[in-house]
Amino acid sequence: MNSSILNLPTLKYEDRNNSKWKSLYQIQGERKRIMRETCSKYKSNNRRIITPYHVSRIFVEDKYRVLYCEVPKAGCSNWKRVLMVLNGLASSTKDIQHNTVHYGNYLKRLDGFDHKGIYHRLNTYTKMLFIREPFEKLVSAFRDKFEHPNNYYHPVFGKAIISRYRVNATKEALRTGSGVKFKEFIQYLLDVHRPVGMDIHWDHVNRLCSPCLIDYDFVGKFESMEEDANFFLHLIGAPQNLTFPKFKDRHSNEERTTTKITQQYFAQLSPSQRQQSYDFYYMDYLMFNYSKPFEDLY
């Protein structure tokens, strides 16, 4: 079912002697091997039927036959821009505003097709996803959603988090939901009886993209975004003038979330909270071959 062997475009004849392309191709093989081995070791759902729910985060680009599973905080806004350009909806990624990307509904999702349409695309299109170091992705989401004015995350998540986890919260904090602290956010994340549900910005990639059920052809990493993205575009035969945009989509004057910034946030937690957070994202760490972020984790 939806096997990668058929789908990852092979290197063009003239690229086979290019050491850069060859090396990137081998890296892909290795990433997919680790992903598949982790799935066969830990998951028993390899034979489960793929439902519209499993493909609800997958965007479809029919012209170049690409399926992209959206992982928030791992370059997804810019990937959607690239898909829109591939699809002929815009001439350049620079022309596409943030709101157009996220609220314009220009790109189709795979769960919008019937059963036959879903399976046809899974079997014949190049399926890809881009991921990011789990703790870094989490801190990036926290900074974006809770440290800036936000008329959805503050009232919906902030109010619930503050009222559950902050002792002696002020009326103002309870009213607005603003000013959630990272430690409170982690308490919410690890609580089996969360006062408000899960959100795609901090859910596991494993749940968002079902990589044990859908055999992805290409696994890119945020940490090597430019190289991986442009290699992918080369493989699918995208126009040569189309490269992955480098600009930061939101809060562009603020430093990107780095390893150092991530460690500063996690330093606010107790060793046991750090361990529980690692356990929470354990499958993502394993499946995508990220090393342990702290020495004291087991």
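Mentor: The largest nonpolar core holds 61 residues, and F185 and W202 have the most contacts inside it. This is a predicted model, in which local features need pLDDT of at least 70 and side-chain atom pairs pLDDT 80 or more, while totals for chains, interfaces and linings use all residues. Residues are numbered from 1 along each chain as its sequence is written, and side-chain values use heavy atoms, without hydrogens and water.

Trainee: What makes a set of residues a nonpolar core?

Mentor: Its members are buried Ala, Val, Leu, Ile, Met, Phe, Trp, Tyr and Cys residues joined through side-chain atoms within 4.5 Å; buried means under 20% relative accessible area (1.4 Å probe, protein chains only). Another core, of 30 residues, lies apart from the largest one and includes L24, F59, V85 and I236.

Trainee: Which residues does F185 touch?

Mentor: Leaving out residues up to four places away in sequence, F185 touches L138, F142, F146, I161, V180 and W202, where contact means heavy atoms within 4.5 Å.

Trainee: Why is β1 said to pair with β3?

Mentor: Pairing requires at least two bridges found by DSSP. Two bridges join β1 (residues 58-61) to β3, and the strands run antiparallel, so the pair meets the rule. V60 stands opposite K108 in β3. Strands are DSSP runs (E, at least two residues), numbered from the N terminus.

Trainee: In what order do the strands of the sheet stand?

Mentor: The open sheet of five strands has the order β3-β1-β2-β4-β5, with mixed pairing. β3 (108-109) and β5 (218-221) are at the edges, each with a single partner strand, so one side of each has no neighbour in the sheet.

Notes
Helix = DSSP H or I, 4+ residues; strand = E, 2+ residues; numbered from the N terminus. Buried < 20%, exposed > 50% of the residue type's maximum accessible area, 1.4 Å probe, protein only.
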